[in-house]
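Let's take a look at how the inside of this one is put together, and then check a couple of individual residues.

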Amino acid sequence: MVGRKRRSEFSSGLVLKEARKTLTEPAPFADETSCQCRAPHEKLTVAQARLGTPVDRPVRVYADGIFDLFHAGHARALMQAKNLFPNGYLIVGVCSDDLTHKYKGFTVMNEDERYEALRHCRYVDEVVRDAPWTLTPEFLEKHKIDFVAHDDIPYSSAGSEDVYKHIKEAGMFVPTQRTEGISTSDIITRIVRDYDVYARRNLQRGYTAKELNVSFINEKKYRLQNQVDKMKEKVKNVEEKSKHFVYKVEEKSHDLIQKWEEKSREFIGNFLELFGPDGTWKQMFQERSGRMLQALSPRQSPTGSPTRELCTSRSPSPTFQWPFNNKTTPPSSPKAASASISSMSEGDEDEK
């Protein structure tokens with residue numbers, strides 16, 4: 001019992017160590033490593049594998065494919081295969097170019113590029129190069145494969161209605177779910193559909209017409225279209241900038257009008273407060289006018305005052321009389337007047 005527990009701990013630690021390596025290093029190739037199962041490889045059922053990790057080894061799951069233009073659909077399928085069992089070890093087989101071109105068709109990526117794409121997927125623990133198109137008992141025994149993971153749709157190829165039929169009959173097949181909306185064929189269809197766009201883009205990036213297998217006429221057409229697109233982009237940028245400028249001007253003019261209205265209201269209010277019907281200026285004018293009228297008009301004493309009675313009791317003031325009596329007639333000319341005045345002055349001196 002103790003020995004089995006130690007073997008279990010050793011196996012779990014070994015799997016964790018391998019899992020950490022796949023996160024920091026590319027997954028190893030199968031021909032560069034050996035199966036690390038130390039106990040005899042006993043056949044497991046799906047129910048047994050799902051109950052928990054075997055005491056002496058991980059569950060070895062195999063998934064194969066072409067994996068051309070490696071995409072999210074491939075990665076999701078491998079993620080499902082990796083997580084089918086609590087302690088899974090995922091081995092991925094990648095078919096070679098010769099085998100793929102023979103049974104399926106031409107690929108965009110060559111076999112070395114496809115191998116490396118799989119090695120750098122986080123769910124892959126081991127990669128088998130030049131994997132067989134149809135799995136044989138010898139291949140399954142060599143790699144000590146417990147289960148094969150693939151989608152459940154029958155895969156007819158190489159003269160067979162379903163290349164996984166014998167795996168399913170042996171109870172070693174575990175289905176995964178396909179990711180709808182994405183596949184290698186869909187990606188290639190997009191490229192073919194928008195071929196002109198991608199050809200123009202690559203010409204603009206420096207590729208030659210010969211590298212793109214583009215004729216001389218198409219090359220000139222694509223370059224002309226690129227120039228037209230550049231001009232359209234410039235016009236679009238100018239329009240956007242002018243719209244932005246007009247918007248700024250409108251915003252500033254709105255602010256200026258608003259401020260002008262506020263200042264106008266303030267000015268009108270101050271003007272009415274100063275010059276209005278009841279304004280400060282009118283009150284000041286009335287006060288000053290009253291003061292001026294009060295200063296200019298003589299002050300009258302009351303009628304019954306002692307001063308008035310005193311003035312009335314006094315003798316009347318002497319009246320002015322001409323310096324000649326009533327019998328004397330006024331002088332007829334200035335010379336006569338001056339002669340009479342001089343005679344009067346002489347008479348006064350004689351009296352003295």
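## The main core

A nonpolar core here is a set of buried Ala, Val, Leu, Ile, Met, Phe, Trp, Tyr and Cys residues joined through side-chain atoms within 4.5 Å. Keep in mind that this is a predicted model. With that in hand, the largest nonpolar core has 24 residues. V61, L78, F85, L90, V92, L118 and V124 are the ones with the most contacts inside it.

Which elements give two or more residues to this core? They are the helices α3 (72-82) and α5 (111-119), plus the strands β1 (59-65), β2 (88-94) and β4 (147-151).

## Around V61

In general, nonpolar side chains tend to be buried together in soluble globular proteins.

## Two residues to check

Is H74 buried or exposed? H74 sits in helix α3 and has a relative accessible area of 15%, so it counts as buried, the cut-off being under 20%. Again skipping residues up to four places away in sequence, H74 touches F67, D68, L69 and T184.

P137 belongs to helix α6, which covers residues 137-142. Its relative accessible area is 58%, and exposed means over 50%, so P137 is exposed. P137 and H166 are 29 residues apart in sequence, with their C-alpha atoms 10.0 Å apart in space.

Notes
Residues are numbered from 1 along each chain as its sequence is written. This is a predicted model: local features need pLDDT of at least 70, side-chain atom pairs count only at pLDDT 80 or more; totals for chains, interfaces and linings use all residues. Side-chain values use heavy atoms; hydrogens and water are left out. Helices (H or I, at least four residues) and strands (E, at least two) are DSSP runs, numbered from the N terminus. Buried means under 20% relative accessible area, exposed over 50%, partly exposed in between (1.4 Å probe, protein chains only). Contact means heavy atoms within 4.5 Å.
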